[in-house]
Amino acid sequence: MLVQPKPKNARSKRFLANRDPKVVENSKTAIFIRGSKTSQVIIDVLSDLYSLRKPDAINFTKKNEIHPFDDETSTEFFARKNDSSLFAVGMHSKKRPHNLILGRTFNYQILDMVELGIERCTPMKEFKAATSAVGMRPLMVFSGEAFNYNEDMVRLKSTLLDFFRGEVADMVALKGLEYVISVTAGSPGVNGEPGLVFFRTYTTSLKKSGVRQPRVELEEMGPSIDMRIRRVRYPTDDMWKHATRIPRELKVTKVKNISRDGLGDKYGRVHTGRQEINKIQTRKVKALKKHLDVGASKRQKMDVDGLE
């Protein structure tokens with residue numbers, strides 16, 4: 001485990017302060033690590049995923065003795081050293097050929113991992129379509145009922161969303177959606193185990209449609225990956241609770257007597273006390289004075305008595 005160094009000057013102090021916990025965290029950095037033994041399929045997958053994740057990504061070109069499911073030390077060492085919260089490890093062996101592990105860390109400790117077996121891969125370089133610009137956010141589409149009820153598939157969906165979501169933004173311009181990532185769940189096995197997962201990437205082009213909304217055309221740009229879930233490691237309840245905790249500064253405080261409808265319009269309720277209309281200050285007109293009203297009522301009464 002790395003020892004937290006002490007800053008020696010203002011520059012190193014700012015560097016360490018940038019790694020400290022914040023209310024609004026920096027964009028997550030992903031590291032792509034090669035195992036001690038790899039195949040060309042795994043190298044192509046790591047290279048293409050790294051291209052999609054840039055610029056918030058670090059690619060390791062040298063081989064490393066790393067086995068996240070058996071020993072967490074190396075993975076946590078690289079996560080702390082590179083200040084990363086996402087990692088992808090590729091390796092190849094006779095027991096687990098073309099093996100890809102996607103995982104997340106919290107406080108530089110492994111949070112959860114999904115191990116995938118690559119059964120087919122067509123890299124980007126074999127597609128003639130134009131690629132998207134670096135740093136663009138994708139539109140992610142998940143198809144299949146398995147992403148709603150199967151726990152392993154739900155964990156894979158959450159991990160992929162974390163990998164490719166980029167910086168948090170309230171709105172995205174239509175022209176900024178340059179590519180689409182489609183993840184489709186295949187039919188499950190006989191015993192209910194998850195089937196194949198089809199990972200596809202498409203570039204978008206906006207065409208004239210005669211109306212305000214343009215017509216969108218998709219062209220596959222790669223990579224095209226068919227994979228299957230092998231192992232999943234879930235986080236502990238205590239670690240998951242700490243990782244998903246919302247800071248107090250970001251919690252929306254409920255304002256009394258204020259509500260919003262489905263369209264986002266704000267409504268307020270005002271409570272007023274009992275109104276004494278007789279005591280309300282009005283315009284001072286001689287005809288409205290109280291003593292004149294009393295005198296007029298007395299004269300009217302005397303006229304009625306005289307008639308009797």
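Buried, in this talk, means under 20% relative accessible area; exposed means over 50%, and partly exposed is in between, with a 1.4 Å probe and protein chains only. By that cut-off D162 is buried, at 10% relative accessibility. Hold on to that residue.

Some ground rules. This is a predicted model, so residues are numbered from 1 along each chain as its sequence is written, local features need pLDDT of at least 70, side-chain atom pairs count only at pLDDT 80 or more, and totals for chains, interfaces and linings use all residues. Side-chain values use heavy atoms, with hydrogens and water left out.

Now salt bridges. The term means a side-chain nitrogen of Lys or Arg within 4 Å of a carboxyl oxygen of Asp or Glu. Side chains of opposite charge can pair when their charged atoms come close. The structure holds 13 salt bridges.

Back to D162. What does its side chain meet in a salt bridge? The partner is R104, at 3.2 Å from N to O. This pair links distant parts of the chain: R104 sits in strand β4 (residues 99-106) and D162 in helix α5 (residues 151-164), 58 residues apart. Helices (H or I, at least four residues) and strands (E, at least two) are DSSP runs, numbered from the N terminus. R104 is buried too, at 5% relative accessible area.

Next pair. The side chains of R228 and E119 meet in a salt bridge at 3.0 Å, N to O. Again, distant parts of the chain are linked: R228 belongs to strand β10 (residues 224-233), E119 to strand β5 (residues 109-122), and 109 residues separate them. Buried or partly exposed? R228 counts as partly exposed at 32% relative accessibility. E119 is also partly exposed, at 49%.

Third pair. R215 forms a salt bridge with E217, and their closest N and O atoms are 2.4 Å apart. R215 is partly exposed, at 41% relative accessibility. E217 is partly exposed as well, at 32%. Elsewhere, shared partners join salt bridges into one network of K28, R104, D112, R155, D162 and R165.

Last stop, R34. Where does R34 lie? In strand β1, residues 30-34. Contact means heavy atoms within 4.5 Å. Leaving aside neighbours within four places in sequence, R34 is in contact with residues including I43, L46, F60, I66 and G90. The R34 side chain also reaches the backbone oxygen of T61, at 3.5 Å.

Definitions and conventions:
Polar contact = N/O pair within 3.5 Å; in protein donor to acceptor, adjacent residues only side chain to side chain.
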